[in-house]
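Visitor: I am new to reading structures. Could you take me through the side chains, one feature at a time?

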Amino acid sequence: MKAFEVNFDGLVGPTHNYSGLSYGNVASETNIRDVSNPKEAAKQGLRKMKALHDMGFKQGVLLPQERPDIATLRRLGFAGSDREVLLQAAHQSPVFLGAVASASCMWTANAATVSPSADTTDGRVHFTAANLNAKFHRSIEHPTTTRILQGIFNNDQHFAHHKALPPTSQFGDEGAANHTRFCKNYEDKGVELFVYGRVAFDENAPRPMKYPARQTLEACQAVARLHGLADSSVVYAQQNPAVIDQGVFHNDVIAVGNRNVLFYHEQAFLNTSKMLTELEAKLQGCLLKAVKVSDSEVSVADAVSSYLFNSQLLSLDDDDMMLVVPHECRDNPNVKAYLDDLVTRGGPIKRVEVFDLKQSMKNGGGPACLRLRVALNEAELAAVHPHVMMSDELFASLNAWVDKHYRDRISQQDLADPQLLTECRTALDELTQLLQLGPLYPFQLA
C-alpha cells in the first residue's frame with residue numbers, strides 16, 4: 001500500500017509573543033520583549049501550508065493551546081477567579097505569566113515523536129507526546145498535545161498513543177526535532193535516527209558546557225521501546241556538544257533528512273562517520289545520500305542565524321527533492337551563495353522555496369519547527385480526522401477565523417489583560433467547532 005509523508009503544521013496561537021523564554025535559543029533571547037503580531041504570525045504559517053498543499057504535498061493542521069494557562073497558575077498557588085489568578089500572577093511574578101502565556105506549541109516538531117506502521121511491531125503508527133521538560137513554558141504542553149493527537153488520529157486499528165515520558169531531566173524528550181526517519185519509499189521499512197545531547201546516567205560522557213542538552217539518550221531509547229522498534233531499525237547519534245553551545249538547541253537546527261537523503265552540517269554530530277556507517281548498513285540496499293555542508297561554505301553561526309537546516313526537505317518525485325527555507329536564508333550572503341550553488345551541483349536537492357516566517361523566526365522557529373511529519377499509508381490517511389486536512393475551503397475558513405479573533409499587536413504588558421484570556425478561549429472554542437473535533441481544552445472539559 002502506497003504511503004505518503006503528511007506534514008501537520010501548528011496554527012500559531014492568539015497569544016504569540018516574545019518573552020525570551022528559551023535559554024540556548026539565540027533568536028528567542030535576542031528578540032526578548034519585542035512587540036509581536038499574532039495575526040501576521042498565524043497568516044504566515046497558513047500561507048506556507050496552503051502553498052505546499054497547492055504544490056501537491058499532503059498538508060494538515062494542528063491546533064494551538066489554551067493560553068494563558070490558568071490551571072498551571074493555580075497549581076503554583078494563585079487563587080480566586082480566573083481574572084484574579086491572572087492579575088495576581090502579573091503583579092507577583094510576571095515571569096510565570098510570560099511562561100503560561102507562551103504560544104510555543106506552534107512549533108509542532110516538538111509535539112511528539114512519530115514512528116510509521118512500516119517500522120513498528122504491531123503495524124500501527126505510534127505517537128509519543130514530548131515531555132519538553134527542559135523548559136517550564138513547554139513542559140505544560142503535553143497533556144493537551146496528547147488530546148489533540150488522539151482527536152485527529154482517533155482509530156485504534158491504525159494509531160497508538162503513548163503518554164509523555166516521566167518529567168525528569170534524565171528523560172528529557174524534545175520530540176521529532178531530534179528524530180529523523182530514513183527509507184527508500186515511505187511505505188518501506190525504515191531506519192529511525194534518534195539524536196541526543198547527553199547521556200543522563202553517565203556523568204563522564206560528553207555534554208555541552210554552556211547551554212543545556214535538552215534530549216537524553218535514555219529518552220530516545222524509551223521512545224524506541226514504546227514504539228516497538230527493532231534494534232535493526234534504530235540508530236542513536238550524539239549531537240556535537242560544541243554546536244549546542246553555539247545555539248543549536250535541537251538537531252533540526254543543524255541537520256534535516258527525508259527518505260534516503262541527509263542534509264547536514266559537518267559539525268552536527270559527535271561521531272559522524274560512525275553514524276553514517278551504521279545508517280548505511282541498516283538501510284540494507286537503499287543508498288544513503290549524505291549532503292554535507294562544510295564550515296568553510298556555511299559557518300555554524302550562519303546556519304543558526306539563517307536557519308538553513310531548520311528547513312523542510314520534501315520529495316518532488318522518486319529522486320529529486322525541494323528545500324523549504326525561511327527568508328533569512330536569502331538575507332544571509334553566505335547561505336544564499338551556498339543555496340544558489342547547491343541546486344546546480346547535480347545532487348538530490350534540485351529546488352529551493354523561500355517563505356516569509358519572520359514572526360516565528362524571531363522566536364527561534366523556522367519551517368521545520370512548524371511541522372510534525374507523519375508517514376501514513378492510504379488506509380491510515382483515510383482514518384485521519386478529515387477536517388484538519390488543508391484545502392481551499394479550510395484555508396479560507398482559518399484565515400477568516402484569524403481575522404475575527406487575533407490581535408495584530410501584543411506586548412509583555414498585554415499578557416496581563418483578562419480580555420486576552422477571554423479572546424483566546426472564544427477563538428479556540430470556535431476552532432474546535434470549525435474543525436469538528438469536539439472538546440479538547442481544559443475550559444471545555446471543566
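Visitor: Which ring does the charged end of Lys-50 sit over?
Guide: Start with the rule: a charge sits over a ring if NZ of Lys or CZ of Arg is within 6 Å of the ring centre and within 35 degrees of the ring normal. Here the charged end of Lys-50 sits over the ring of Phe-395, 5.5 Å from its centre. Lys-58 lies over the face of Phe-4, and that distance to the ring centre is 4.7 Å.

Visitor: What should I know about the model itself?
Guide: It is predicted, so local features need pLDDT of at least 70 and side-chain atom pairs count only at pLDDT 80 or more, while totals for chains, interfaces and linings use all residues. Residues are numbered from 1 along each chain as its sequence is written, and side-chain values use heavy atoms, with hydrogens and water left out.

Visitor: How do I describe two aromatic rings?
Guide: A pair of aromatic rings is described by the distance of the centres and the angle of the planes. Rings of Phe, Tyr and Trp (its six-membered ring) pair if their centres lie within 6.5 Å; planes under 30 degrees apart count as stacked, over 60 as edge-to-face and the rest as tilted.

Visitor: How many aromatic pairs does that rule give?
Guide: The count is eleven aromatic pairs. One of them is Phe-8 with Phe-153, edge-to-face, with 5.2 Å between centres and 70° between planes. This pair links distant parts of the chain, 145 residues apart. Phe-8 is in strand E1 (residues 3-10), and Phe-153 is in the loop between helix H7 (142-152) and strand E5 (159-162). Helices (H or I, at least four residues) and strands (E, at least two) are DSSP runs, numbered from the N terminus.

Visitor: Are Phe-8 and Phe-153 buried or exposed?
Guide: Both Phe-8 and Phe-153 are buried. Buried means under 20% relative accessible area, exposed over 50%, and partly exposed in between (1.4 Å probe, protein chains only). Phe-8 and Phe-153 also belong to one aromatic cluster with Phe-127 and Phe-159.

Visitor: Why do Tyr-441 and Phe-443 count as stacked?
Guide: Their planes are at 10° and their ring centres are 5.9 Å apart, so the pair is stacked. Tyr-441 is buried, at 0% relative accessibility. Phe-443 is partly exposed, at 23%.

Visitor: What is a nonpolar core?
Guide: In soluble globular proteins, nonpolar side chains tend to be buried together. A nonpolar core is a set of buried Ala, Val, Leu, Ile, Met, Phe, Trp, Tyr and Cys residues joined through side-chain atoms within 4.5 Å.

Visitor: Which residues of the largest nonpolar core touch the most other members?
Guide: They are Phe-8, Ile-152, Phe-153, Phe-263, Leu-308 and Leu-339, out of 100 residues in that core. Take Ile-152: leaving out residues up to four places away in sequence, its contacts include Phe-8, Val-61, Leu-62 and Leu-437. Contact means heavy atoms within 4.5 Å. A second, separate core has 15 residues, among them Ile-70, Leu-73, Leu-97 and Ile-410.

Visitor: How many disulfides are there?
Guide: A disulfide is a pair of cysteine sulfur atoms within 2.5 Å. A search of the whole structure finds zero.

Visitor: How do I spot a salt bridge?
Guide: Side chains of opposite charge can pair when their charged atoms come close. A salt bridge is a side-chain nitrogen of Lys or Arg within 4 Å of a carboxyl oxygen of Asp or Glu.

Visitor: How many salt bridges does the structure hold?
Guide: It holds 26 salt bridges. One of them joins Glu-297 and Arg-345, at 2.6 Å from N to O. These two partners are 48 residues apart in the chain. Glu-297 is partly exposed, at 27% relative accessibility. Arg-345 is partly exposed too, at 41%.

Visitor: Which residues form a network of salt bridges?
Guide: Glu-66, Arg-74, Asp-82 and Arg-425 are linked in one.
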